[in-house]
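Okay, thanks for coming, everyone. Let me put the model on the screen and walk you through a few spots.

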Amino acid sequence: MSAPDFTISPPLGRNLERVQQRSLIVGAVALLACVIGAVFAPHQFFRSYLYSYMFYIGLTLGCMALAMLQYLSGGAWGIVIRRITESATRTMWLLLLLFIPILIGIPSLYSWSHPEVVAADPILKHKHLYLNVPFFIGRAVLYFAGWLIFAHFINKWSHQQDAGGGRQLARRLQLLSGPGLVFYGLSVTFAAVDWVMSIEPHWFSTIYGLLFIAGQGLSALAFCIALLVILSREGGPLEGVIGPAHLHDIGKLMLTFTMLWAYFSYSQFLIIWAGNLADEIPWYIERLRGGWQWIGLLLVAFHFAFPFALLLSRSVKRSGRTLVRIAALIIIMRFVDLFWQVAPGFHQAGFQVHWMDFVAPVGIGGLWLAMFLFQLKKWPLMPLRDAHLQEALAHGGASE
């Protein structure tokens with residue numbers, strides 16, 4: 001039996017066009033508001049922008065990692081979300097452009113960028129060989145170069161596979177994904193250290209990069225689930241294609257990453273608290289007082305405990321309506337987690353929130369979503385020439 005045609009239908013194309021246009025307008029207006037706010041509070045603009053940017057670069061990289069993971073391991077779960085993850089990777093050029101404000105904001109974000117501060121601090125003097133502006137920019141260029149190269153070949157060979165098929169391309173994608181995941185793990189770890197951990201350069205954690213890797217995987221899975229459920233609703237292009245077993249598989253992965261994030265978070269906390277070293281504990285002391293502790297408790301409850309309890313249920317993982325709500329909650333809590341990572345480093349006196357902390361995610365997100373939808377419309381919603389497509393579709397049990 002031949003694979004059905006999953007190309008974007010004209011009605012869906014028009015709907016996506018409207019959503020894309022509205023996202024672009026909302027994003028542009030929100031970013032314009034932030035730029036106006038930057039005139040009056042430039043330091044706050046860069047802080048709000050940084051934590052917002054970290055979510056979207058993490059979502060994009062998480063999607064790329066999921067695509068490579070599926071090429072290595074196989075499984076129906078990855079085939080049905082492949083076009084979503086590939087479309088997300090093609091937003092990397094936009095994220096490279098959106099990284100420019102962070103480069104401009106280096107003096108506002110990072111104390112180690114000021115020579116007079118470094119000269120007066122023995123610890124920063126010791127770290128200056130690594131924490132200096134030229135090397136910081138050079139590492140960022142290396143990260144983006146690697147991400148763009150892997151994203152380019154993943155999309156190029158996948159497109160060629162759709163055009164002509166052939167197991168040779170599938171094998172080529174598999175061989176690319178091994179080194180790709182290694183580079184992903186190393187680059188995300190170093191980027192997390194550079195862009196977030198160095199906000200407080202006296203503090204360090206050897207598990208910090210793993211927190212971001214788990215968070216990115218969780219963000220990507222939640223986004224894929226939400227979009228997959230929306231596209232498979234009545235009248236949608238994937239109606240009758242995405243079945244309970246597909247959702248169950250991706251729901252199990254989301255449960256895994258929820259536990260992984262919690263494990264890394266607790267391990268970091270336990271090791272640092274038990275060690276009780278003067279260089280390590282200030283990071284948690286700042287986040288466990290002055291109102292920040294309530295954000296921490298919110299993360300414990302709604303980033304881990306509540307989703308974990310719900311996702312233990314098999315019936316919940318097979319229900320698109322319930323699963324999409326859990327995914328939406330996880331996406332919200334990912335923003336909260338990144339805000340908790342970034343903001344206390346600038347507000348040690350106590351909890352503070354600014355209107356740009358809400359508007360900046362909308363601004364970057366509007367542009368990102370518009371670019372994502374533009375890319376999603378380019379290709380069929382399923383990899384038509386994948387040798388395992390029919391098996392993956394049959395696995396879903398959509399008729400159940």
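Let's start at Ser 177, where H11 has a kink of about 25°, shortly before the proline Pro 179. The bend there is the angle between axes fitted to the seven residues ending at a residue and the seven starting there. Helices here are DSSP runs of H or I, at least four residues, numbered from the N terminus.

Quick caveats: this is a predicted model, so local features need pLDDT of at least 70 and side-chain atom pairs 80 or more, while totals for chains, interfaces and linings use all residues. Residues are numbered from 1 along each chain, and side-chain values use heavy atoms, with hydrogens and water left out.

Next, Asn 276, in the loop between H13 and H14. Its phi is near 50°, positive in a residue other than glycine. Most residues other than glycine have a negative phi. Asn 276 counts as exposed because its relative accessibility is 53%; exposed means over 50%, buried under 20%, partly exposed in between, with a 1.4 Å probe and protein chains only.

Last one: Tyr 53. Leaving out residues up to four places away in sequence, Tyr 53 touches Leu 95, Leu 96, Leu 98, Phe 99, Ile 102, Phe 144, Trp 195 and Ile 364, where contact means heavy atoms within 4.5 Å.

Conventions:
Helix = DSSP H or I, 4+ residues; strand = E, 2+ residues; numbered from the N terminus.
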